[in-house]
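Visitor: Hello! Could you walk me through this structure, one question at a time?

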Amino acid sequence: MLFRRLYHERLAQAAYLIACQSSGDAIIVDPLNDPDFYLAVARQEGVHVTMVTETHLHADFVSGAAALASAAGAELLLSGAGPGTAGYRRSAFPRARWLADGDMIELGRLRLDVLHVPGHTPEHIAFVLTDRATTDVPIGLLSGDFLFVGDVGRPDLLERAVGVTGSMNEAARQLYASLQRLAPLPDHLQIWPGHGAGSACGKSLGAVPQSTLGYERMTNWALQLQSEAEFETGVLEGQPEPPAYFARMKRINAAGAPSSAKRDDLTGPELLGALERGALAVDVRPAAAFAQGHRVGAISVPLGKSFLTWAGSVIPPE
């Protein structure tokens, strides 16, 4: 088995490339909207992307699952769960294979078993991975935003970011029930989450890139609570304000995000000409430098680890 974690520092986001080395088939889980990057990694590893999937409808970045599947000629697999308008707009993904709880994905000698684990989002799924070339005992869980190192996915976004009134308490109870589904899984199971420290999809994510289920059972606060009511209170308490662009991202991803357009860098004169014609300037220098002098109308978003969260919140959507 080939396993690669592909991490984006400024989004604190992890995508995964998993391949069967005997067949050369690979699956990409939770890709960003940059197909060329993932195809280049697959070529470097000598494998072919034959499947693309994601754990849920993302709110913090534009999904690249559909674009990558199209570019690679791969099968697109998406969660078919999520009641009413809470899930994907199926008409936007006519070639997708819709996954349900208990489904099995075969990739050469690898097997991924689908778990529907609602709570962070209604349609959220996770994948239990087994390398059958070695053993029939599972090796790990691609947990998305369901279970993090030291935390769990926040269940309040549907209400606080999207505006579905009264949904967060029910989502918290669903998340508690989803966590109970981990009970029969072994302690050695590796946990590969969708985010690390700095993501707004949880309130206290750890900076360690992965964990084991046994270690999380000993240390993760969410797995220490014994009652649903205690968990409901604890998981909703202290959640930070959702970034302003989250609702828009959910709508874009549910309807099928367009592939990102590649743009050439502008030379000095070309850049000045674009600005003179009314292009928006985002000044990425430190705030102190911006305060000393800047172009009229420019927006200050210093280039740091929070750049994308702030840019998505303060730059006009158009």
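Predicted model: local features only at pLDDT ≥ 70, side-chain atom pairs only at ≥ 80, totals over all residues.

Visitor: Is Thr130 buried or exposed?
Guide: Leaving out residues up to four places away in sequence, Thr130 touches Arg109, Leu110, Arg111, Thr135, Asp136, Val137, Pro138 and Ile139. Buried means under 20% relative accessible area. Thr130 has a relative accessible area of 1%, so Thr130 is buried.

Visitor: How are helices α4 and α6 oriented to each other?
Guide: The axes of α4 (residues 168-180) and α6 (residues 228-236) come within 9 Å and cross at roughly 120°. Angles of 65 to 115 degrees would count as roughly perpendicular and those over 145 as roughly antiparallel. The angle of these two helices therefore makes α4 and α6 oblique.

Visitor: Which kinds of residues make the contact of α4 with α6?
Guide: On the α4 side you will find, among them, Met168, Ala172 and Tyr176, and α6 brings residues including Phe231 and Val235. Sorted by kind, the residues of this contact are eight nonpolar, one polar and three charged.

Visitor: What kind of aromatic pair do Phe3 and Tyr16 form?
Guide: A pair of aromatic rings is described by the distance of the centres and the angle of the planes. For Phe3 and Tyr16, the centres are 5.5 Å apart and the angle between the planes is 45°. Planes under 30 degrees apart count as stacked and over 60 as edge-to-face. The pair of Phe3 and Tyr16 is therefore tilted.

Visitor: Which parts does the pair of Phe3 and Tyr16 tie together?
Guide: The two residues are 13 apart in sequence. Phe3 lies in strand β1 and Tyr16 in strand β2, so the pair ties together β1 and β2.

Technical notes. Residues numbered from 1 in each chain as written. Heavy atoms only, no water. Axes fitted to C-alpha atoms, helices over the stretch in contact; angles between N-to-C directions. Helix = DSSP H or I, 4+ residues; strand = E, 2+ residues; numbered from the N terminus. Parallel < 35°, antiparallel > 145°, perpendicular 65-115°, else oblique. Contact = heavy atoms within 4.5 Å. Nonpolar A, V, L, I, M, F, W, Y, C, P; charged D, E, K, R; others polar. Buried < 20%, exposed > 50% of the residue type's maximum accessible area, 1.4 Å probe, protein only. Phe/Tyr/Trp six-rings, centres within 6.5 Å; stacked < 30°, edge-to-face > 60°.
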